[in-house]
Amino acid sequence: MEARGKAVAVRLDLRGVKCPLNWACAKVRLEQMARGEVLELTLDDPRGARDIPSAAEAEGYAVLESAARDGIFHLRIER
């Protein structure tokens, strides 16, 4: 039996937003989502890319992916 199709992720572009404001924005959005939904973050702040995954896990969210390409960071966090 095949699993259900992957749900469309909620995307949030936080380029230009510095830490800790980028985590505050992401957290507000995560709190509005249903359990199991995925938030995809795009940011350009290295401190945020470093700190957001640990902050998200401390709040009980699951970090599915953390990647960097050309100075842009991509995070996927499951509610």
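Visitor: Does valine 10 count as buried or exposed, and what is its relative accessibility?

Guide: Please keep in mind that this is a predicted model. Valine 10 has a relative accessibility of 17%, and because buried means under 20%, valine 10 counts as buried. Its place is in strand S1, which covers residues 10-13 and is one of the edge strands of the sheet, pairing on one side only. Leaving out residues up to four places away in sequence, valine 10 touches Arg29, Met33, Val38, Leu39 and Glu40. One of these, leucine 39, is also the bridge partner of valine 10 in S2.

Four strands form an open sheet with mixed pairing, and their order is S1-S2-S4-S3. The other edge strand is S3, residues 62-69, and the twist from one strand to the next averages 15°. In general, the strands of a sheet pair through backbone hydrogen bonds, in either the parallel or the antiparallel sense. S3 and S4 pair in the antiparallel sense over seven bridges, and within this pairing the bridge partner of valine 63 in S4 is isoleucine 77. Two residues lie between the strands in the hairpin of S3 and S4, where aspartate 70 takes a positive phi near 55°.

Helix H2, residues 46-58, lies across S2, S3 and S4, and runs at about 10° to S4.

Asparagine 22 is found in helix H1, and it counts as buried, with a relative accessibility of 0%. Its side chain is joined to that of aspartate 45 by a polar contact of 3.4 Å. Apart from neighbours within four places in sequence, asparagine 22 is in contact with Leu14, Val17, Leu43, Asp45, Gly48 and Ile52. In helix H2 we find alanine 49, which is buried with a relative accessible area of 10%. Once its neighbours within four places in sequence are set aside, alanine 49 is in contact with Leu43 and Phe73. Leucine 43 is therefore a contact of asparagine 22 and also of alanine 49, a residue that is itself buried. Alanine 49 and serine 66, although 17 residues apart in sequence, are 7.9 Å apart in space from C-alpha to C-alpha.

Finally, we can turn to the cysteines. A search of the whole structure finds zero disulfides. Cysteine 19 is in no disulfide and counts as buried, with a relative accessibility of 15%. Cysteine 25, by contrast, counts as partly exposed at 30% relative accessibility. The sulfur of cysteine 25 has its closest cysteine sulfur in cysteine 19, and because the distance is 11 Å, the two are too far apart for a bond.

Key:
Residues numbered from 1 in each chain as written. Predicted model: local features only at pLDDT ≥ 70, side-chain atom pairs only at ≥ 80, totals over all residues. Heavy atoms only, no water. Pairing = 2+ DSSP bridges. Axes fitted to C-alpha atoms, helices over the stretch in contact; angles between N-to-C directions. Contact = heavy atoms within 4.5 Å. Buried < 20%, exposed > 50% of the residue type's maximum accessible area, 1.4 Å probe, protein only. Polar contact = N/O pair within 3.5 Å; in protein donor to acceptor, adjacent residues only side chain to side chain. Disulfide = S-S within 2.5 Å.
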